[in-house]
Structures are given as structure tokens and as C-alpha cells.
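Biologist: Could you walk me through this structure? I am new to this, so please take it one topic at a time.

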Amino acid sequence: MTTLSATPLDAAPRSTWFRQLATRFATLWPLKAAGTMIFMVLFFMGYFTVLRDPLTAPTMMPRVAADAWIPFSAAAFPIYASLWVYVSLPPAFIGSLRPLLWFGVWISLLCAFCLGIYWVLPTAVPSAGIDWSEYPQLAMIKNVDTAGNACPSLHVASSVFSALWLERIARSVGAPALLRWGNALLCLAILWSTIATRQHVVLDVIAGIVVGLAFALPSLRHISRMAPKFL
């Protein structure tokens, strides 16, 4: 006599992918935490050095018709700021040392490429004509970032890079489509926020997407050849 199980048919797969992610997260976590923190400190040192001392005067980026399609929104700030959590997720869910180190190499190359462009060909965002004192959180960013280091948007490039790595990781553990769509939507929301906060213009975002793809795709091919089962 066959006994019907009371357990839902998708419970085992769901438990499996969740356990895999939890195991990956716990693997090498002190190294991941320290490495992410050190990386961000070094990145910001380089970022603000280039921002304050570019080779030439920044060129003002033009607005295009599409910029008018995305209105300013102060509510975009939390999404914009979420990047710093988002970009820490791919290394957090890498399950072994060698691919973790290679992830660090590739994201470092992406950042170095953008910083090199900012130094040699600096760009800035045109004034949005907004009284930033009415938006204290955004005013803080405007005062620190001074609307420079615009094109390509490193915010966008690193978001696209992280989204593709997270998609590969999610597929490798058999994560549900809902989680993968959530990853894609969060990436798109971050891209939107860069324009909605008036930190970037559309051309910055397009350039950032190109840079993100230019580094993410070869990095994933490289990792797949080197360690096909790591993701």
C-alpha cells in the first residue's frame, strides 16, 4: 500500500537550495567579512583621491530625452544606498577559496578600470536645480560626491556585475525563479535609483551597463573553465 506523504512536493528542493546557500554563506565567513571591509576601504580611498584630483577639469555629461522620463524621487535613496549590501552578496555565497579570490580580482579590475577613466577623462553631472537642503540624506551624498566620477556609473557597473554572479550562483543551487527574478528586479531598481536621485544621467547608466557586462561575462566564463562546479 502506498502512503502519501504530507510534505509538499517542492519542500525538499526548497530545503536543498536554502541549505546550500547557508553552507556557502558560513564557509570562510571571517575571510569574506574582513576582505569585503578592506576592499571597500581601499576602494573609497581610491575613489575620493580621483574625485578630488583628476588629471583635467571634468566634462559635464549631457542629458538626453530619456532623462526626463525618470522624475526625481527622494524615495530612491534607500535603494541607491542598498548597493553596498548588494555587492557584498556574491562573495558571501561563494563556497570555496579559489573562486572567491578570483571574484576579488575581477571586481578589482572593474573598479580600477572605472577609476582610471575618472582620472584621465573626468566627468560630472549637470545641476538638477533642486534645493538639496530639503532632502538631508541626499544632501550628504551631494556634498561628499560633488557630482563627479560620473561616466561610466560605477554604481551601475558593479550592480550589473553582482547581478550576473548572483544569477549564476542561484542557478547552481537550484534556487526558485522568484528569488532569481527578485535579484534582477533589485539590480534594475538600483539602476533606476542612480537617475532618480540625480546622481547620474542616462548616458552614465548605459556606459555602466556596458562596463558591468564587459567584466562580468568573461569573469564567469573564466570561473566556469577553472572550477565548473563552484557555482
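This is a predicted model: local features need pLDDT of at least 70, side-chain atom pairs count only at pLDDT 80 or more; totals for chains, interfaces and linings use all residues.

Biologist: How much space lies in the largest pocket, and what is closest to its centre?

Modeller: The largest pocket holds about 860 Å³ of space. It is lined by 40 residues, and those closest to the centre are Phe 39, Met 40, Phe 43, Trp 84 and Val 87.

Biologist: What classes of residue make up the lining of the largest pocket?

Modeller: Sorted by class, the lining of the largest pocket consists of 26 nonpolar, twelve polar and two charged residues.

Biologist: And what about the second largest pocket, how much space lies there?

Modeller: The second largest pocket has about 220 Å³ of space, and the residues that line it include Leu 21, Tyr 86, Phe 93, Arg 180 and Asn 183. Helix H9, which runs over residues 177-196, and H8 each supply at least two residues of this lining, and H9 gives the most, with four residues. By class, the lining of the second largest pocket divides into nine nonpolar residues, one polar and one charged.

Biologist: Changing topic, how do H2 and H6 pack, at what angle and how far apart?

Modeller: In general, two packed helices are described by the angle between their axes and the distance between those axes. For H2 and H6 the angle is about 10°, and the axes are 10 Å apart. Angles under 35 degrees count as roughly parallel, and H2 and H6 are therefore roughly parallel to each other.

Biologist: Which residues meet there?

Modeller: On the H2 side they are Leu 31, Lys 32, Phe 39, Phe 43, Gly 46, Tyr 47 and Val 50, and in H6 they meet Leu 97, Leu 100, Ile 107, Ser 108, Cys 111, Leu 115, Tyr 118 and Trp 119. Taken by class, this contact of H2 with H6 has twelve nonpolar, two polar and one charged residues.

Biologist: How many aromatic pairs are there?

Modeller: The count comes to 16 aromatic pairs. One of them is formed by Phe 44 and Phe 48, which are stacked, with 5.9 Å from centre to centre and 20° between the planes. Because Phe 44 and Phe 48 are four residues apart in helix H2, they are separated by about one helical turn.

Biologist: What about the backbone, where is there a cis peptide bond?

Modeller: A cis peptide bond joins Cys 151 and Pro 152, with omega at about 0°, and Pro 152 is found in the loop between H7 and H8. Another backbone detail concerns Leu 28, which has a positive phi of about 60° although it is not a glycine. Leu 28 sits in the loop between helix H1, residues 11-26, and H2.

Biologist: To finish, how many helices and strands does the chain have, and what does it span?

Modeller: The protein chain has ten helices and two strands, and along the sequence they follow the pattern α-α-β-α-α-α-α-β-α-α-α-α. Along its principal axes, the C-alpha trace of the protein chain spans about 80 × 35 × 30 Å.

Conventions. Residues are numbered from 1 along each chain as its sequence is written. Side-chain values use heavy atoms; hydrogens and water are left out. On a 1 Å grid over the protein atoms alone, a cavity is a set of points where a 1.4 Å probe fits but cannot get out, and a pocket is an open set with protein on both sides within 12 Å along at least five of seven lines; lining residues have an atom within 4 Å of a point. Grid points are joined across faces, edges and corners, and a volume is the space filled by probe spheres set on the points. Ala, Val, Leu, Ile, Met, Phe, Trp, Tyr, Cys and Pro count as nonpolar, Asp, Glu, Lys and Arg as charged, and the others, Gly among them, as polar. Axes are lines fitted to C-alpha atoms, for helices over the stretch in contact, and angles run from 0 to 180 degrees between N-to-C directions. Angles under 35 degrees count as roughly parallel, over 145 as roughly antiparallel, 65 to 115 as roughly perpendicular and the rest as oblique. Contact means heavy atoms within 4.5 Å. Rings of Phe, Tyr and Trp (its six-membered ring) pair if their centres lie within 6.5 Å; planes under 30 degrees apart count as stacked, over 60 as edge-to-face and the rest as tilted.
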